[in-house]
Amino acid sequence: MLLRRLATASPRPSAMPLKARINPAMLASPSRSYASAIAITEQPGDEPNDVLFGSHHALRTITLNRPKKLNSLDGSMARKLIPRLQEWSKSELASVVVIKGEGRAFCAGGDVAALATQNKTGKAGQQASKDYFALEYKLDHMIATYSKPYVAFIDGITMGGGVGLSLHAPFRIATENTVMAMPETTIGFFPDVGASFFLPRMDGDVGMYLALTSEQLKGVDVFWAGVATHYLHSSSLPDLEARLAELQFKDYASLQERLRVIDATIEEFCTGLPHDKHPSNSVVGGNTRSAIDYVFQPANDIHGILDALKGLSDNSGGTAPAEVQEWATKTRKTILQRSPTSVKVAVKQLREGKAWDMAETFRKEFAIASRFMEHPDFVEGVSALLINKPKTTPKWTPGTLEEVSEETVQEFFAPLEGGELELLPSTSEKGKGGESYTDYPHAWAGLPREGEVQEAVTRSRNFSSVEDVVKHFVEKRGGKQGVKEKVEEILGRKAEVGGGRISWRR
């Protein structure tokens, strides 16, 4: 009834020294303002067609159009996206926004090669790079608090900056082509674009694992992990886009009501999940997932993490399955190859980020990013892996975790003396700049999170079996694709049945 009342369809149309320290200048007042009073517009020299905009009935589309660079985000693109999104937020003719990428990538990240090249020129180049991050984070925060339904087709490579353009949206649609990762510690940076918010809120300690290893999630695993809210075959995306263009909303429909309609519409195009990709066979389930939560648990600092990995690798307890031993060996080696400074900063970032709200996240990340722009590891990592031909092995400064002091790590989190990043005025119905929240208000659009299942099991006395809990969540989510499999995997790993009831393992 709600769908009929709120949305109707129109006729379908046709087809440095060893112990590197932060430069004291980084703690001083910045040389320019990051205030949002200045209108963001295109500048001379910006590429004319790196972002394409479309309109079909009430649907507005964004196509990232740098396929040769895997749609890597740069200032030229951000300066097009921000004013257009602001314009659409005020338009009564625009009801839904869809963002997608041209070619085999949605967006492979920010154009860090250009930033590193810029940084090599000295302080002026480093300042220009800081300006870029200010712009990017303003855009990401705008998306995170946008007043219109925003749907991201993450059909292809989605990394770094591409995650910032999609993951904070109410709807993220993965396909068989999706490859998601946060590779920043590989290049001497830190997981940004709001990663301080979304990674700690992932199930268990998967977020910390992804941050420190740059592990890739592919295809339906992106859906099981909660990065995507839906999983479709890529061939269905054009038809879905056409269907979204047909939706017409009543003027009095709230944003939440409109989101519910769009969620149901997307579900119409979900035609099944890969039969050989149950979540218990993915990185977010089964034995590997249990190992992730053990290794990266909040009680462990980076040295505790490495010790736990070595224990599993050596099978010192005598109970680690062979696949877990192999995983632990690989994971420990991977972390030790990353920038030691980046790894230590990322651990602190994610531990603290669980308590940050969305606006605070981007303000704090801007301070961290500003300091990384003057740290040697960023230029070294990007040059070695993305600029040098052939690739070279990065030489980190300092070269080991032991040489990165807690004082050095803390300096990345110190407030900027020149003032924090001022975010753009909110486009939400409240109309207040810097609108924020401490958990995603649209989390219901994705699969049930582990905490939800735990709460249901521990608080209810009505469940006597796994089937009871699964049925509860399938009905609660309206038969949403993937709910059954996700809840089954969680319960198989975390719950036990006995005495006529189901309980949560301690």
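**Helix α20**

I started with the buried residues of helix α20, and they are Val-483, Lys-486, Val-487, Glu-489, Ile-490, Leu-491 and Arg-493. Buried here means under 20% relative accessible area, with exposed at over 50% and partly exposed in between, using a 1.4 Å probe and protein chains only. I noted that this is a predicted model, where local features need pLDDT of at least 70, side-chain atom pairs count only at pLDDT 80 or more, and totals for chains, interfaces and linings use all residues. Residues are numbered from 1 along each chain as its sequence is written, and side-chain values use heavy atoms, with hydrogens and water left out.

What covers those buried residues? I found α8 (220–224), α11 (286–295), α18 (450–459), α19 (466–476), β13 (495–498) and β14 (501–504) among the covering elements. Contact is heavy atoms within 4.5 Å. The helices (H or I, at least four residues) and strands (E, at least two) are DSSP runs numbered from the N terminus.

Then I looked at the length of α20, which covers residues 483–494 and has twelve residues. From first C-alpha to last it reaches 16 Å, close to the 16 Å expected at 1.5 Å a residue. The expected span is 1.5 Å times one less than the number of residues.

**The largest pocket**

Next I looked for open space, and the largest pocket holds about 860 Å³. On a 1 Å grid over the protein atoms alone, a pocket is an open set of points with protein on both sides within 12 Å along at least five of seven lines, a cavity is a set where a 1.4 Å probe fits but cannot get out, and lining residues have an atom within 4 Å of a point. Grid points are joined across faces, edges and corners, and a volume is the space filled by probe spheres set on the points.

I counted 38 lining residues for this pocket, with Ala-108, Met-159, Pro-183, Ile-187 and Leu-386 nearest its centre. Which helix gives the most to the lining? It is α13, with four residues. At least two residues each come from α3 (112–119), α4 (123–144), α7 (206–213), α13 (322–337) and α16 (376–387).

By class I get 16 nonpolar, eleven polar and eleven charged residues in the lining. Nonpolar covers Ala, Val, Leu, Ile, Met, Phe, Trp, Tyr, Cys and Pro, charged covers Asp, Glu, Lys and Arg, and the others, Gly among them, are polar.

**Cavities**

I moved on to the closed spaces. The largest cavity has a volume of about 280 Å³. Its lining has 18 residues, and Arg-172, Arg-201, Gly-226, Val-227 and Arg-449 lie nearest the centre. That lining splits into nine nonpolar, four polar and five charged residues.

The second largest cavity has about 40 Å³ of space. I listed Lys-138, His-141, Met-142, Thr-145, Leu-424, Pro-425, Ser-426 and Thr-427 as its lining.

**The loop between α16 and α17**

Most residues other than glycine have a negative phi, and most peptide bonds are trans. I therefore wrote down the exceptions. Lys-389 to Pro-390 is a cis peptide bond with omega near -5°, and Pro-390 sits in the loop between α16 and α17 (406–411). Thr-397 and Pro-398 are also joined by a cis peptide bond, with omega about -5°, and Pro-398 lies in that loop between α16 and α17.Gly-399 is in the loop between α16 and α17 too, and it is partly exposed at 41% relative accessibility. Its C-alpha lies 9.9 Å from that of Asp-377, 22 residues apart along the chain.

I then checked Thr-341, which belongs to helix α14 (residues 340–353). Thr-341 is buried, at 1% relative accessible area. Leaving aside neighbours within four places in sequence, Thr-341 is in contact with Phe-372, His-375, Asp-377, Thr-397, Pro-398, Val-404 and Phe-412.

**Positive phi**

Leu-70 has a positive phi of about 55° although it is not a glycine. Asn-71 has one near 60°. I placed Leu-70 in the loop between β3 (59–64) and α2 (75–90), and Asn-71 is in the loop between β3 and α2 as well. Buried or partly exposed? Leu-70 is partly exposed at 23%, whereas Asn-71 is buried at 0%.

**Cysteines**

Last, I searched the whole structure for disulfides (pairs of cysteine sulfur atoms within 2.5 Å) and found zero. Cys-107 is buried, with a relative accessible area of 0%, and Cys-270 is buried at 15%.
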